[in-house]
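Notebook, entries on one chain. I wanted to look up the strand pairing and the aromatic contacts.

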Amino acid sequence: MEILKSEQYINEKLNIQPVSKNRLSDWNNDRLESLKEPQVDKLAMDFIRDYNLKWNTATGGYDSFGDVKVDTRIIENGKLTIKFGHIQGNFAVEYKNIISLEGSPIKVDGNFYCVNNKIESLVYSPKEVGGNFICNNNKLKNLNCLPKKIGGGIQVLYNELESLVGAPNKVNGTFNCNHNKPLKTLAGAPQKVGKGFG
């Protein structure tokens with residue numbers, strides 16, 4: 001019976017190959033590349049400078065110490081062309097016909113406004129909003145992927161909601177879902193509302 005050395009056993013029996021220096025170098029380069037501030041066009045760079053946005057490798061996006069109001073310089077094909085991280089103020093993308101919230105901030109300390117667009121899903125919503133979450137006049141069918149933490153109220157008027165599934169159990173401010181399709185059930189509706197339910 002042949003006795004294999006440990007290195008030979010690993011290579012032959014377990015089929016575990018050592019990582020080559022080239023592969024390790026490629027992995028490190030890819031990781032470093034993902035942390036770098038992305039290249040953007042002149043219009044986006046002008047927007048970044050106007051709002052004094054700072055690239056943050058921790059959030060993987062551009063942070064702001066104040067309010068941000070999105071304009072057409074960073075919108076292409078109905079989507080944001082840059083990714084936001086932490087906004088220490090209000091964040092607004094209104095009347096821009098965007099179709100996706102991709103690129104939205106991870107965290108907004110103030111209010112999050114997404115009004116008069118063509119959003120069908122809340123995927124890519126912020127994870128946390130300190131103030132109100134306002135997403136009126138869109139094409140939402142449900143409330144799945146709402147931020148996990150919302151400090152204020154929720155407004156989702158004039159959408160195409162078929163259910164309230166996805167709404168949080170508790171809303172600190174008002175919860176307003178008027179002017180949607182007639183709901184057959186209130187399943188998923190908040191159990192506690194701080195200021196009013198409409």
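I count a residue as buried when its relative accessible area is under 20%, and as exposed when it is over 50%, with partly exposed in between. The model I am working from is predicted.

Entry, aromatic pairs. I find seven aromatic pairs in the structure. I looked at Phe47 and Phe84 to begin with: the ring centres are 6.5 Å apart and the planes stand at 80°, so I log the pair as edge-to-face. Phe47 sits in helix α3 (residues 42–50) and Phe84 in strand β6 (residues 84–87), so the pair links parts of the chain 37 residues apart. Phe47 has 0% relative accessibility and therefore counts as buried. Phe84, also at 0%, counts as buried.

I then turned to Phe175 and Phe197, a tilted pair with 5.3 Å centre to centre and 40° between the planes. This pair links strand β15 (residues 174–176), which holds Phe175, to strand β17, which holds Phe197, 22 residues apart.

Entry, cluster. I traced ring pairs that link Phe47, Tyr51, Phe84, Phe91, Phe112 and Phe133 into a cluster.

Entry, sheet. I read an open sheet of seven strands in the order β3-β7-β9-β11-β13-β15-β17, with parallel pairing. Its edge strands are β3 (68–69) and β17 (196–197), each of which pairs on one side only. I checked β7 (residues 91–92) against β9 (residues 112–113): the two run parallel and are joined by two bridges. For Ala92, I noted Tyr113 as the bridge partner in β9.

Terms used: Residues numbered from 1 in each chain as written. Predicted model: local features only at pLDDT ≥ 70, side-chain atom pairs only at ≥ 80, totals over all residues. Heavy atoms only, no water. Pairing = 2+ DSSP bridges. Helix = DSSP H or I, 4+ residues; strand = E, 2+ residues; numbered from the N terminus. Phe/Tyr/Trp six-rings, centres within 6.5 Å; stacked < 30°, edge-to-face > 60°. Buried < 20%, exposed > 50% of the residue type's maximum accessible area, 1.4 Å probe, protein only.
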